[in-house]
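Here are my notes on this one, written for someone new to reading structures. Have a look at the model first, then go through the points.

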Amino acid sequence: MTQSLNTVPLQFAYRLLMFDYTGHDRVKLWMQQLPSELPVELPLIEQSQLIASLQQRQTFTILIQAPLNPLIIRNWYSNHLRIQGWLQWQSEETIVDLRDFHIFGSQLYGHGYGSNSLLVFRYYPKSIWLTLQTYPSVENVTFVKLKLSARNMSTLPSEKEWERNTLNLLPLPQLAPPPSTDIKKLRAGGSNKEWNSEAQVQTLLNELDLLTHYEEQLVQSSWTKQLSDVQDGLLWSVWNLHDRNNQTWQLVLSFIADTNKPNHYAASLRLLNLDDFEYILPPATIDVVSPTESIPEEVLWHFLSDDFSSRNSKQLWVGQLPPTLPNSLNFPEQTEVLGSLVEENQQIDLFLRVSLPSKQICELLIKQLVDFGWQQWTGPTDFEGPGFVTSILPRVTQCSLLHPTDGSQCIVICNSVTLNCTDVTIRWLPSVGQPGAPPGESNRSRLQGELVRKSIPTLALADQTEVIRRTIQTGDRFMFSAYLITSLSIEVLVNHYQTEMRQAGWQQQVMSQVENCHLSLWSFIDEQRQLWQGVLYFLAVPNKTTQFTGLLRIEPLNYK
């Protein structure tokens with residue numbers, strides 16, 4: 001421990017440390033130990049040494065030192081406290097841009113993460129605040145001040161605002177890069193269900209040490225390793241975590257060596273909420289409401305109305321369609337018309353139950369509307385690709401269409417009641433502006449042309465396999481993710497998709513398969529002699545022998 005040659009009389013120290021002049025009996029000091037009674041258990045980072053602790057009424061200050069980089073310490077506390085249920089705040093002064101909030105943080109401090117700036121946490125079950133401040137010394141030792149307080153900090157936002165903060169929505173680990181490593185951040189983004197981060201890494205570490213450096217921090221952040229492999233310039237590992245809300249997360253960390261630049265790697269982290277698998281998968285059965293059950297219409301209107309007066313502006317048809325519709329749609333014979341509602345502004349809602357899979361009825365309705373001249377705006381534009389061909393739509397699918405002549409809108413919502421039963425809502429909305437092409441129409445047409453030109457593969461369904469497309473992300477690279485349910489072995493499943501890639505003209509460069517997980521690296525040269533790289537992986541869901549997550553990522557190399 002670093003020692004000072006000078007000392008300060010304790011009586012004088014108490015006078016300096018007191019909040020007010022009520023006496024030093026309200027100030028307690030411990031040397032090289034924690035206070036006797038802390039309001040909440042406080043973790044101490046490994047290799048740290050206690051210097052002293054101070055209690056001033058309900059405020060506790062703990063001083064420690066550790067032979068670690070300040071960024072390592074700050075990330076360690078961010079990861080540990082958030083997993084234990086603490087919420088972390090980013091104020092306007094310390095906010096980190098979402099593009100920079102990922103594991104591949106720069107060695108240099110910036111964006112409010114200066115070496116002595118405050119990190120602020122709150123533990124709502126006990127209304128406890130914690131601030132953390134670090135200060136590096138010239139002796140490669142970092143001093144850390146941890147301050148616990150039960151005082152009310154009314155200037156900070158409410159609990160819900162804290163919970164909506166990206167830091168607290170996801171168990172996204174904050175990991176520090178190795179020494180003598182240059183990080184160039186490329187992109188990061190996602191939602192409260194998934195996250196993707198990518199960067200370029202230049203390091204003097206060998207492949208194994210590079211992967212090990214990050215894996216050690218994941219272990220310290222309470223992640224459990226499912227598998228890991230290093231071969232032929234492909235480094236990857238798969239991790240799982242059960243968070244404080246009993247949600248299960250999957251994390252994939254990978255580094256792909258640049259064959260043209262020694263010591264350069266394309267780094268990627270993907271975080272996925274596996275419980276979302278169960279949420280978007282339609283159930284096999286449901287509790288059926290008897291058709292003889294009903295409620296008085298007057299009661300229904302009271303529920304629907306905000307001010308008990310809207311009934312006069314709406315018309316309700318029970319078990320039938322309204323007299324007129326904007327388009328005469330043909331419904332399959334498996335359709336039951338539950339009813340319809342017409343509002344004063346000419347908004348029309350149809351409510352149907354169709355004994356067909358969501359994908360089948362959604363395709364049928366969209367095709368009819370397009371034949372009537374409607375143009376699709378949002379929703380599943382192509383069920384057959386590119387990327388993974390879909391066999392099952394997510395539990396809820398919404399598609400919006402615009403009419404090019406009058407600007408009116410049609411929305412089709414398909415809610416999978418079961419795998420073979422769908423609740424359908426069709427809503428026609430009158431025009432609210434000048435008619436015109438759907439927003440993004442030119443971009444979508446341009447995108448479709450790009451997809452064809454770049455020969456992004458369409459991966460057909462394998463036998464005995466169902467595929468639910470999760471997300472599609474586009475830009476200067478394309479990423480297709482999916483959930484798969486299959487009775488095939490991992491070997492047969494992988495062989496099918498490898499064949500699909502080869503038939504599309506792609507060549508496999510590297511393959512790694514460990515247990516029930518597969519990752520492979522692919523290349524493709526298009527007609528313009530542009531080189532493209534593809535990453536394909538299938539990862540088994542823990543304790544679910546028939547469920548896999550799948551990802552296909554396509555991007556240009558040295559694009560000009």
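1. Start with Asp-243: its side chain reaches the backbone nitrogen of Gln-247 at 2.7 Å. That is a polar contact (a pair of N or O atoms within 3.5 Å; within protein, one must be able to donate a hydrogen and the other to accept it, and residues adjacent in sequence count only if both atoms are side-chain atoms). Asp-243 sits in the loop between strand S11 (234-242) and strand S12 (248-257); strands are DSSP runs of E, at least two residues, numbered from the N terminus.

2. A quick word on what you're looking at: this is a predicted model, where local features need pLDDT of at least 70, side-chain atom pairs count only at pLDDT 80 or more, and totals for chains, interfaces and linings use all residues. Residues are numbered from 1 along each chain as its sequence is written, and side-chain values use heavy atoms, with hydrogens and water left out.

3. Now find Ser-53 in strand S2 (residues 49-56). Ser-53 is buried too, at 1% relative accessibility. Its side chain reaches the backbone oxygen of Gln-33 at 2.6 Å. Ser-53 and Lys-147 are 94 residues apart in sequence, yet 9.7 Å apart in space, C-alpha to C-alpha.

4. Last stop: Gln-547, in strand S28 (residues 544-556). Gln-547 is buried, with a relative accessible area of 10%.

Conventions: Helix = DSSP H or I, 4+ residues; strand = E, 2+ residues; numbered from the N terminus. Buried < 20%, exposed > 50% of the residue type's maximum accessible area, 1.4 Å probe, protein only.
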